[in-house]
Amino acid sequence: MIEDDAPAVTWDDRDSPRSALYGDVYFSSEDGLAESRAVFLAGCRLPQAWAARARFTVAELGFGTGLNIVALIDLWRRGRAPGAHLSVFSVEAHPIAAADAARALARWPELADVAQAILAQWPRRARGFHRIDLPQWGVSIDIAIMEALEALQAWSGAADAWFLDGFSPALNPAMWRRELLALAAARSAPGARAASFTVAGQVRRDLQAAGFSVERAPGFGRKRRRLEAVLPGDPAAGMPGPRVAIIGAGIAGASLARAFTALGAETLVIDAAGAGAGASGGPAALAAARLDAGLAANAGLFAQGLARARDLYASTPGAILARGAEQSRVGPKDAARFAAIAGSDLFEPGAMALSPAGLRMETALVVEPASVLRAWLGEMRRGAVERLERDETGWRLLDGAGATIARADVVCLAAGMDCARLAPGLPLHPVRGQASIADGLAWREAKLFGAYVLPTRTGLLFGATHDRDDTDIAPREADHVRNRQALAAALPELAAELADKPLGAWTGIRATTRDYLPLAGAVPGAGPGLFVLGGLGSRGFTLAPLLAEHVAATALAVPSPLPRPLAELVDPARFERRARRRGRA
Ligand SMILES: Cc1cc2nc3c(=O)[nH]c(=O)nc-3n(C[C@H](O)[C@H](O)[C@H](O)COP(=O)(O)OP(=O)(O)OC[C@H]3O[C@@H](n4cnc5c(N)ncnc54)[C@H](O)[C@@H]3O)c2cc1C
Ligand SMILES: C[S@@+](CC[C@H](N)C(=O)[O-])C[C@H]1O[C@@H](n2cnc3c(N)ncnc32)[C@H](O)[C@@H]1O
């Protein structure tokens with residue numbers, strides 16, 4: 001459980017931070033930065049180890065004040081190759097308050113800009129992976145806010161360097177458990193190095209048992225020795241600058257373009273009918289956690305998806321139309337479900353609060369799809385992709401006449417229902433939806449009551465209908481009637497105000513799956529380089545930004561921001577895997 005309050009930090013007479021929980025210092029009070037550089041950066045042979053590498057991954061046990069990572073990024077930014085990307089993964093079960101970290105880091109003005117950039121995106125107090133983006137230096141950081149063993153089990157990356165920095169083994173043996181060090185070795189790239197301030201015998205023996213060669217090097221300051229370790233093997237070169245083609249310019253395609261670009265890849269988005277021509281073309285969309293998930297495994301997916309979407313929309317000009325949403329109780333189980341959600345550590349304190357009507361979702365957002373697509377899509381080309389072909393030079397995207405629209409090393413399907421035609425076998429089902437739009441009203445808040453009402457830039461929208469296996473997108477008067485009825489049952493005054501107002505329609509075809517979770521990952525059985533982000537159902541604006549980062553990371557072989565259990569929930573191969581398991585049983 002992640003505590004609601006940050007753990008207490010005490011300050012010694014040199015204003016160095018110390019953990020009240022563990023009774024140990026976060027870093028040397030003599031000169032923490034010099035110690036960090038000598039023990040961890042030099043101990044992992046940085047910067048030499050990343051010379052000539054397009055992508056490099058550093059993992060850390062114990063994020064603490066962030067000093068090691070700030071020092072790491074300071075070194076990286078001064079010498080990185082153009083276009084190179086650094087992925088950082090760190091683990092922290094007891095995140096300190098940003099104000100404490102700011103005080104700890106303030107003593108090194110030379111690091112102020114890196115420290116400030118990290119402090120501005122300081123992890124929330126919610127269990128899960130938290131991403132910090134530093135595109136100005138080609139860096140992304142995932143911090144796992146959870147117990148270290150669970151974090152390493154959930155991480156799918158492979159580190160080139162490890163900073164083992166979990167307080168002294170005597171005061172915190174849990175951070176140096178044999179199974180944890182074995183897991184660190186399992187989550188390492190060939191030739192990975194590990195560094196630590198401790199040379200405790202048990203730590204050395206357990207690292208050796210995990211496959212590391214371990215040495216004691218001359219220590220820093222008053223410490224006589226520090227630890228350096230290395231795994232056998234040579235690091236892989238990595239795919240340099242793949243050509244990435246994305247089919248579809250809805251929220252899935254736009255999120256993919258953004259995510260690949262952030263990793264330094266060039267993208268081309270191809271759409272048959274232009275940005276937002278499919279289901280992502282409405283005037284407003286809700287991004288919110290899925291409450292019917294309760295606190296089941298998939299609730300974590302929606303919680304992390306929303307947290308990531310919020311950060312990305314917040315830095316997208318014009319994207320946010322309104323903040324917060326009020327969810328009314330609609331079923332007999334809602335009161336208990338909402339109470340459990342309000343108390344869950346999947347959400348930061350205050351994000352979910354019980355209210356007289358039901359649940360106030362403080363962190364939900366209403367976004368303007370067009371603003372998001374405009375900002376994220378990047379280079380686009382018009383074209384209807386009829387089929388895909390693969391040869392030894394990569395993928396070819398062909399139109400109906402057999403002409404090549406584009407060639408690519410990596411292709412991502414983000415074409416709504418058409419994903420299932422381009423990659424036959426993808427298990428998608430259409431669900432038609434129509435929302436009703438009224439202009440000229442001042443309506444500022446999102447309300448959910450089975451259906452919803454959202455503010456738009458010029459009024460509001462309400463609805464929407466859900467009709468399975470219906471693929472006709474022509475607006476229907478009968479659907480406006482259904483939307484008005486649902487509104488009248490929950491908000492009779494608003495429904496009466498709208499009674500004689502003319503309504504516009506936003507219709508679209510949602511692509512859904514049997515288990516109502518998206519498809520995000522490699523297309524099963526398609527050969528290398530073909531990925532899908534689809535099946536987003538009614539939740540594209542909550543889930544696409546995070547899942548696109550998962551797909552881009554998988555395609556470029558860099559660590560995914562999605563914990564393994566959540567990646568399995570959205571793995572496009574899950575249905576086949578489950579069928580095989582049932583067959584065996
Ligand atoms: C009425 C309604 C209300 C909704 N409200 C919300 C909401 O409030 N919040 C929310 O999160 N979600 C909402 N949804 C769901 C949301 O719209 C979808 O989850 C999301 O739009 C899916 O995005 P996508 O990018 O996967 O697909 P789409 O937006 O459908 O994009 C697919 C794109 O692919 C292109 N394309 C298709 N085939 C080809 C091809 N062969 N070659 C080239 N291009 C091709 C299309 O032209 C289209 O632009 C709503 C949906 C509807 C219908
Ligand atoms: C020495 S401090 C890390 C210092 C940090 N690297 C820095 O640069 O400030 C160790 C950190 O590990 C965290 N920690 C201790 N035990 C943990 C565990 N079992 N799982 C996850 N984090 C843990 C502590 O909360 C603390 O922040």
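The shell around ligand 2 is made of eleven nonpolar, eight polar and four charged residues, where Ala, Val, Leu, Ile, Met, Phe, Trp, Tyr, Cys and Pro count as nonpolar, Asp, Glu, Lys and Arg as charged, and the others, Gly among them, as polar. This is a predicted model, in which local features need pLDDT of at least 70, side-chain atom pairs count only at pLDDT 80 or more, and totals for chains, interfaces and linings use all residues. Residues are numbered from 1 along each chain as its sequence is written, chains are lettered from A and ligands numbered from 1 in the order in which they are written, and side-chain values use heavy atoms, with hydrogens and water left out.

**Ligand 2**

- In total, 23 residues surround ligand 2, and the closest are Gly62, Thr65, Glu92, Asp165 and Asn172; a residue is near a molecule if one of its heavy atoms lies within 4 Å of it.
- Taken alone, ligand 2 exposes 600 Å², of which the protein buries 98%; accessible areas come from the Shrake-Rupley method with a 1.4 Å probe, and for residues, only the protein chains shown count as cover.

**Ligand 1**

- Around ligand 1 there are 39 residues, with Asp271, Ser280, Asp418, Tyr452 and Gly537 coming nearest.
- By class, this shell divides into 20 nonpolar, 14 polar and five charged residues.
- An N or O atom in the side chain of serine 280 is 2.5 Å from an oxygen atom of ligand 1.
- On its own, ligand 1 has 1000 Å² of accessible area, and the protein covers 93% of that.
- Among the elements that each supply at least two residues of the shell around ligand 1 are helix H8 (251–262), strand S13 (266–271) and helix H15 (540–556); helices (H or I, at least four residues) and strands (E, at least two) are DSSP runs, numbered from the N terminus.

**Backbone details**

- Leucine 46 and proline 47 are joined by a cis peptide bond with omega of about 15 degrees, and proline 47 sits in the loop between H1 and strand S4 (55–61).
- Another cis peptide bond joins glycine 463 and alanine 464, with omega of about 0 degrees; alanine 464 belongs to the loop between strand S26 (459–463) and strand S27 (467–468).
- Although phenylalanine 167 is not a glycine, its phi is positive, at about 65 degrees; you will find phenylalanine 167 in the loop between S8 and helix H6 (178–186).

Key:
A polar contact is a pair of N or O atoms within 3.5 Å; within protein, one must be able to donate a hydrogen and the other to accept it, and residues adjacent in sequence count only if both atoms are side-chain atoms.
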